[in-house]
Amino acid sequence: MPPRFQPTALATALAALAAGPAFGADSAPLTLNPVVVTGSRAEAASFDMPAAIDVLDRDQITAGQPRVNASEALAAVPGVIANNRQNYAQDLQISTRGFGARSAFGVRGVKLVADGIPASMPDGQGQAATFNLDVAERMEVLRGPYSAIYGNHAGGVIQLFTREPEARPSVEGGFAAGSYGTTKADLTAQGKLDGLGYVINASRFSTDGYRDHSAATREQAFAKITAKPDDDSKLTFVVNGLWQHNTQDPLGLRWSTAQASPRSVEAAALTYNTRKSIDHLQGGVAYERRLGADRLQVSAYAGQRSVIQFQSIPRTVQLSNPGHSGGIIDFDRNFYGIGARYIAVREAAGGKLTTTVGIDYDSSTDQRNGYENFTSATALGVKGKLRRKETDTVESLDPYIQAEWARGDWAFTAGLRHSNVKFKVADDYITADNGNDSGSRSYRRSTPMLGVVYKLNPAINLYASAARGFETPTLNEMFYAIPPANGFNFGLKPSRSQHFEIGAKAFVGAASRVNVALFQIATEDELVVAASADGRTSYRNAGKTLRQGVEASFDTAWQRNLSSRFAVSHLRAIYDEAIGASIPAGNSLPGIPRTTLFGDLAWKPLPGITATVEAIYRSRVFVEDTNNAAGTDAKRPAPAYAIANLRLTAEQRLGQWRLTEFARIDNLFDRQYIGSVVVGDGNDRYYEPAPGRNSMVGVNARYTW
């Protein structure tokens, strides 16, 4: 006889908890037609929008997750690549339909918003680390032509919404621990008191890191206060803070090192003790007033961000080039913005007309210094002499108008945004070797959008949409002229794109939904790496590129205790014309996998307990523009990979207590693979290995009065 199956101690413990005298009800059924505001800015059913938009609800964001990185949930969205780089000094790597894949750090090409406050600066650079997932209610992910109505760097939009205070106060705390010395502790309180609602959260995340020299500690705090001055208005205050001190930066690896010792670092990371510290604090206020069927929304925000980063630029390079800006970046940023919109709802031509008129103003000012990362031949990785001092200012002013008209089986949408983005540099470090790098550059662009929906029947909607978009260079992309020139590269042009999409959305029975989208994006003056050496990366405009693809998703509840999600994307992203002799037409854009798959299957063997298996596949990824045309081993593509993850969650309700536990195993079969790449790295350190098999367990307790 075959041996009898013996459950693990963890499975036995979870089953015992679920079989207790009191347990929570099964999780809510799939929400197949969630209400969204991203895109239309007024509430609309996602099924009725002429756009590819996905909603991740609170359960999808938090269940069985440590709630540290947005990539935990974004992996399930078709068309989105969200890589945890295992490097908390450089943040996540996020792209939508290929936009943003080139970013060496942070997020560019994708607009990030949290509770109406931009997490992207006016130049397009953003940080997903500022998203507080402990208090997340949902994330809305918008892709395609509809994104253009958000202006500069809106190749996609990811918007986080935090939870609203509930009438019954509660306090909850959680703790999780896992591989590589990783821990996460958080505490949240929420409720309403004398007409004021509140949500308050604090958390601390710490890890030794999968790779050598990758330890990090992140502390976050969040507060949200809501009030209703009268029956027709709402006032919301939000404050969000993030602090990371001496976060180690393991850098990328060369191919040979990544294969032989994926957990190691190159010598430069240790020699110069590469690291980064971040202090980030921002706050905002939003006021909304209903005027019959109309609404007025006004918001304002302000914040401060300080960063000091120690890079691995060799001392010899800085000494041989008096005009070099040094191996340490040190800046203090003040940013603020205001926005206002009026949403009017009227009957027009026998249908419903919703018109939104608004304006956004955003500004950021950096006091930026550069220093040598040495004080002598033996004192490396320390703050040395000043090599750069300047004030960098970016401002954007964007008026926009959008209208949706629906009648019978048809709905039409049109929008127009006019973006004005201005860069200004005031150089305060002028020497005979360095010169005066002061200057300015302005960009203006209108981005129109059109969409139409046809309701084939109550269960099937067909749609089409088109738009024009654009991306200015970010400040970091303007920092260095193309060698042998020095100074800022004020000559960079914005990339301009034309987006087309057709799609279908369908309900299959009472418990399933299918989304399919086909799209094409033609871009002129794409921003690409021109040169990367000696710690300086310069950019150029590279003619025409083409993106063509298909995305599909299928969500279903097969029966009361079995549900699944499936998402697939196929993207052909190529240069549509040759760039010099080294990049022929047809070469793939680097950093973009051609095919991605995600699937999960959730099973509830007992009330209050859920077991879920996840599968992820990504095809190979080129690391630079030539696609390794010379056949050099150092620049080979990151190979395709497939991994499986497993998670178990349990819930019990004991009087006024709600207890939850989770355990997860990632990379279940211990695959060795490259999780992300650094596009165009001048030192051939392209590869960022992902962890082998790793695990985490966590508990959470909530008491409600």
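Which backbone oxygen does the side chain of His-213 reach? It's that of Thr-274, at 2.8 Å, a polar contact (a pair of N or O atoms within 3.5 Å; within protein, one must be able to donate a hydrogen and the other to accept it, and residues adjacent in sequence count only if both atoms are side-chain atoms). Keep in mind that this is a predicted model, where local features need pLDDT of at least 70, side-chain atom pairs count only at pLDDT 80 or more, and totals for chains, interfaces and linings use all residues. Residues are numbered from 1 along each chain as its sequence is written, and side-chain values use heavy atoms, leaving out hydrogens and water.

**Around His-213**
- His-213 sits in the loop between strand 12 (196-207) and strand 13 (216-227); strands (E, at least two residues) and helices (H or I, at least four) are DSSP runs numbered from the N terminus.
- With a relative accessible area of 12%, His-213 is buried (under 20%; exposed is over 50%, partly exposed in between; 1.4 Å probe, protein chains only).
- Beyond its neighbours within four places in sequence, His-213 has contacts (heavy atoms within 4.5 Å) that include Gln-248, Pro-250 and Leu-270.

- Strand 17 (residues 328-348) runs antiparallel to strand 18 (residues 351-371), joined by 21 bridges; pairing takes at least two DSSP bridges.
- Glu-347 stands opposite Lys-352 in strand 18.
- Two residues lie between the strands of this hairpin, where Ala-349 takes a positive phi near 55°.
- Strand 18 also pairs with strand 19 (residues 386-407), antiparallel over 20 bridges, and Tyr-361 has Leu-397 as its bridge partner there.

**Two arginines with positive phi**
- Arg-41, with phi near 70°, is buried at 7% relative accessibility.
- Arg-67, with phi of about 60°, lies in the loop between helix 2 (58-62) and helix 3 (71-74).
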